[in-house]
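User: I would like to learn how to read strands and helices in a model. Please start with the strands.

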Amino acid sequence: MNRIGCPFLVRNWFLLLLLATSPALTPADETAPARDPKQPINEAYTAKIKKYTSAPIFTSPLVDYLPASKNVPTPDTVLGDVAGAPGILPYAADVYKYMRLLEKASARVKVFSIGTTEEGREMIAVAVSSEENLKRLEENRARLAKLADPRTIKLDDAEADRIVAQATPIYYITGTIHSPETGAPTALMELTYRLAVDESAYVREIREGVITLITPVVEVDGRDRMVDIYRWHLAHPKEFYPPLIYWGKYVAHDNNRDAMGVTLKLTENVLNTYVGWKAQVMHDLHESVPYLYDNTAGDGPFNAWVDPILTDEWEMIGWRNVADMTKFGMPGVFTHGVFDTWSPGYLMFIAAMHNGISRLYETFGNGGADTQERTLEPEDYSRTWWRQNPPFPKTLWSQRDNNNYEQTGLLTSLHYFNENKRLFLKNFYLKAKRSISKPAREGPAAYVLPGDDPRQELQTELLQVLQKQHVEISRATRAFTVALPTKKAKKPSKKEDAKESKEKEKDAEPTSHEFPAGSVIIRMDQPYSRIADALLDHQYWSPDDPQKTPYDDTGWTFGELFNVKVFRLTDAKVLETAMERVSEVKPAGGVTGEGPIFAINNSAEPALATLRYKLRDASMEAAEEPFEAGGRKFNRGSLIVRGVAHADFDVAVNETGLHAIALSAAPAVKTHAVRAARVAFVHTWLSTQTEGWWRLALDNLKIPYDYISTQTVAKIEDLNAKYDAILFPPVGFNSSSTAIINGTATGWGNPLPWKNTPETPNLVGKNDSTDDMRPGLGWEGVAHLQSFVAQGGVLLTATDTSRFVLSIGLADSVSVGTAQKMNIVGSVLGARVVDALSPISYGYDEKVSVYCDNGPIFSLSSIAGARGFRRLGGHSTSRPTGRGTADDPDFTIGRPGVEAPEEPGSELWEYPPVTDEQKRNGYRVIPAASRARVILRYADTKELLISGLLEGGDEIAQHPAVLDVPAGQGHVVLFSINPVYRGETRGTYSLVLNTILNFDNLNAGRKVEEK
């Protein structure tokens, strides 16, 4: 379709859709959004609303007053002023206190505890509806459960219609997952009061027709830290205040990217609440864009696994929301925008992937409760086809304005949803029914994870993610054979003869595969097949897609990233396999055999590192070659354990999900010791966003480490005395070498402290502290890192920190090329093990899937001080212009012909051969023993993309992906990929863990002879 014609067609299609499906568009049927004249208003509170609203156009008839109540407390009871008042940000405990006061005062409000955060703070959900609806919560839940799982009513549409007519839908609102976005808690406090107290027909219809469920603070740890920062700001009004460097214990903005991996407590708690209540909508509140961006109806591409019924609902609700608020005269309300709806990692997508409706607001906020004059960029106030009533270029904006917009948007949404609740309830049922009928429709029939996968522990971790997503898991009780789908064979080219064509056709025929008993079957005829399908399938983002700025990752295939085998099966016969449901996925390890020595095969499973630290006193060695023992074959890197009682070892391997064999004698194989390294984990005060995922992974694996900042590195002269290995994970934001060394400018302004004080009691939590966040590593810190490596330490870096250590000269033979056309936006790429003898690659097969987001392009040089050039293929093999044919030698007139010596070649991941000329007085020639060891390289161009978006892949194809660089007596291990990311890349965790476990034996298996 021509892009130029899209807006006209889209707008008219939306209009037809709304006219056809929305009875609320009929003026005679609409309930006026006005207060009940018989109900008195709270005069003092209403006057404050007017006072704190910076302009009359920034409010609406739904929120420009507050109804009075003799019994129900208003928000100022706890806040000391009205919601959205300047200078007031409540802690989560204050928000909860008010919600529980409402519960005590009104039978229309109930508060439920839904779990705790990583730091032990409570999360709540508040239900507000009519007394009758709240009395019958369980009865209503039972009705909604039948719609959520149509198998319980045998997919009977007539029975579904009967339930739809009786059920009360649930609309779930979540606020403040992003801690610097501060307005939602007070807006939701006041909204809850309005829904409980207001007797206007408009609000009463919502209360009687919908159960509104509210989690006012999602990121509770980060909310309390943000309030601390704001209190510090109020106490020091003339000084700069510290940025919110930590939100939750582990991650900041990325907490809204966890809906796939479900690694954070907040995600798990919200997911369980949404699914447990059988809600129809999840509406997540954010702040960034003026004045209200309803990105429910975002830009393309839409996620490929959502039901088209849902995409229609997005347009219906989003555009109606804009229409209602525009009628109130509120400027700057729009939908569509430029946000693509591809990734299912956002919190709101919990609903989209569980047959509900996902919604999200971006409203305007000031990052606190100050009233400020704001000046917008032209792209924020320009008029477009999807933003016909744009914001003003300049305006005075208050937190009350923010609260007015959020509440007005939510009330109009709730009212429209109630007017059309039978439609949306029926759609909720139909989406679940269509999920169940997936095998007979678009497919697939099932995904199968084979019972003989060598990485059973990683397979268990993947299954646990699916179980967190409430996906049903089954296990085959006997072996079975099923046909495997194959890709459609390409038509033969003109150059291919008939024989070649027939051979290719023969190769393209479907094949079958036999799966052993115990194989896991993820049936697609279940209500939540959609999320399983989205996580396990492959993704493809076309380089030609009109959307040129993907908002987040474009590929995430979990089987690939977990390094486990997953088969996508379209043959429905797999559903006839004898199988049983798995109620809970647990690690299933243990010891077989008898003897004082134990052997554990190394299949690159992270639990091996857990075991090493769990059994600190045990003697462990790694085999440097494959071996056989006890009737089993063991890979290189397998562990041989001594010095632990059989019973204690059995408990340990059971808990970690590992399988061991007891032996009477140690196998005859070369080994080296595997010790529990002393690990330092370095962070900057620039950003803790990306490194937080690494901390979470290590904590889950129970691997101890000292968490230190670059400032601490600068203070410790002898790092080797304390540490064997230093991890310096990616910085993320503001990660240039200059910023890492210098930090934030200290030539002006005031110190920016991050520590607990009476004003800021929550800042540090269980993380780090400093008197001033501004200083960086400094040149003294650089010298300490250089000395640490030179004296035998191991420094591991990834992506931007790899760039950093190269910039300070820690790996002279490695350089980073500049990408010209390469564009890799959070994709899954193929990689190949180059050096299987290296301890870093222990347990891996030749092919490995990795996560890459425009990673650095490493190149190698054999000459010190020379830059390794990024080569896009082999050297030219064509002869120069001259006599004869292309295969003939040229000649020089007047002398006999001389045959040129054959030039030695090298692959892109290899060091270029040293020429005879370079060897002449070759003081700059890097000895082979001092050159980097290439552990992993990127795959060839044709095999590079596994999932996501890849443009200009030839610029990084075949280049090194992981390097082990000798430096002095130590090592610098450089990653171009990010091996530890969002809990999704567990298949590459062991590249990091192997480095830690073998810190003092990384040279094992190294061959240094010259070619």
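Analyst: Two strands pair if DSSP finds at least two bridges between them. Strands (E, at least two residues) and helices (H or I, at least four) are DSSP runs, numbered from the N terminus. This is a predicted model: local features need pLDDT of at least 70, side-chain atom pairs count only at pLDDT 80 or more, and totals for chains, interfaces and linings use all residues. Residues are numbered from 1 along each chain as its sequence is written, and side-chain values use heavy atoms, leaving out hydrogens and water.

User: How many bridges join β1 to β2?

Analyst: Seven, between β1 (residues 109–116) and β2, which run antiparallel. F112 has A125 in β2 as its bridge partner. Five residues lie between the strands of this hairpin, where G120 takes a positive phi near 90°.

User: Which other strand pairs with β2?

Analyst: Strand β4 (residues 211–215) pairs with β2 in the antiparallel sense, over three bridges. V126 stands opposite I214 in β4.

User: How many residues of β2 are buried?

Analyst: Buried means under 20% relative accessible area, exposed over 50%, and partly exposed in between (1.4 Å probe, protein chains only). In β2 (residues 122–128), six of the seven residues are buried, so the strand is largely enclosed by the rest of the structure.

User: What span is expected of helix α12?

Analyst: The expected span is 1.5 Å times one less than the number of residues. Helix α12 (residues 308–327) has 20 residues and reaches 29 Å from first C-alpha to last, close to the 28 Å expected. Because 15 of its 20 residues are buried, α12 is largely enclosed by the rest of the structure.
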